[in-house]
Amino acid sequence: TWEGFTLDWYVKLFQDAEIIDAFWTSMQIAVISTAAAIVIGVLASFSLERFEYRTKMLWDGLNYTKIIIAEIVAGVSSLLFFVQLNEFLLEYLGFNFWSVFQPGYWTVVIAHIAWNIPFAVIIIRARLRGFDRAIEEAGADLGANPATVFFRITLPVISPGILAASLLCFTLSMNAYATPVLIGGPKFHAMAPEVYQQVQRAMNWPFGAALAFILMITPLALTIGATALAPRRYRRWA
């Protein structure tokens, strides 16, 4: 029952150990999966955009798999994959790599990396497609080796695409619900499932509402602040 406005639930929210633990777990997974997906995405983007090979069309088509598959289907398929992989390692190798592939923290990380790669590839590849390779050739003509050309010329030019891909991958990881629930196991707590569980409990509904509001208002405030601080020529609404 709504009776008025109060900040008491926000104070209690930051004192709840389960919510704080779920938040930091999701933050860690989002950072790790985003970093790994971006590195792989950059390599895959260069491969698909600048090289020709027989299986290129196949990899290009598989890259859109996550975009057209629902998260629940991706979560179930990932769970089945990890279960079969763990059984295979135990049966044929007798070693399960320190339980990395059992439902838990690392299986969620691996799944997030795998499903974030296509989004990173699409954004970074779009930036590469409009890239003027003449400036790379100019750098090489001036004596720069391939590594110098990449880090001093190519990487700065495609950095806006990398930043956009990083933000998208981070957001997808933080907002993921089905993957942590299905792959993480019963003892794993992530941010989105925790919000849902809080809302399900009648007594803890204000916790879920306060948490959802924070998750909504924080990126909105950061976006408005970044836009306000940007040079005037980059402000689309100015």
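Student: How many helices and how many strands does the chain have?

Tutor: The model is a predicted one. Its chain has eleven helices and zero strands. Followed along the sequence, the pattern reads α-α-α-α-α-α-α-α-α-α-α.

Student: What does the C-alpha trace span along its principal axes?

Tutor: The span is about 70 × 60 × 30 Å. The chain has 238 residues, and 33% of them count as buried.

Student: What percentage of contacts between residues at least 6 apart in sequence join residues at least 24 apart?

Tutor: For this chain the share is 72%.

Student: Now the pockets. What shows where empty space is left?

Tutor: A probe the size of a water molecule is rolled over the atoms, and this shows where empty space is left. In this structure, the largest pocket has a volume of about 590 Å³. Its lining is made up of 18 residues, of which Phe170, Met174, Leu215, Thr218 and Pro219 are the closest to the centre.

Student: Which elements give two or more residues to the lining of the largest pocket?

Tutor: They are α2 (17-50), α8 (146-175) and α11 (205-229). The most comes from α11, which gives seven residues.

Student: How many residues of the lining are nonpolar, polar and charged?

Tutor: The lining of the largest pocket has 14 nonpolar residues and four polar ones, with no charged residues.

Definitions and conventions. Residues are numbered from 1 along each chain as its sequence is written. This is a predicted model: local features need pLDDT of at least 70, side-chain atom pairs count only at pLDDT 80 or more; totals for chains, interfaces and linings use all residues. Side-chain values use heavy atoms; hydrogens and water are left out. On a 1 Å grid over the protein atoms alone, a cavity is a set of points where a 1.4 Å probe fits but cannot get out, and a pocket is an open set with protein on both sides within 12 Å along at least five of seven lines; lining residues have an atom within 4 Å of a point. Grid points are joined across faces, edges and corners, and a volume is the space filled by probe spheres set on the points. Helices (H or I, at least four residues) and strands (E, at least two) are DSSP runs, numbered from the N terminus. Ala, Val, Leu, Ile, Met, Phe, Trp, Tyr, Cys and Pro count as nonpolar, Asp, Glu, Lys and Arg as charged, and the others, Gly among them, as polar. Buried means under 20% relative accessible area, exposed over 50%, partly exposed in between (1.4 Å probe, protein chains only). Contact means heavy atoms within 4.5 Å.
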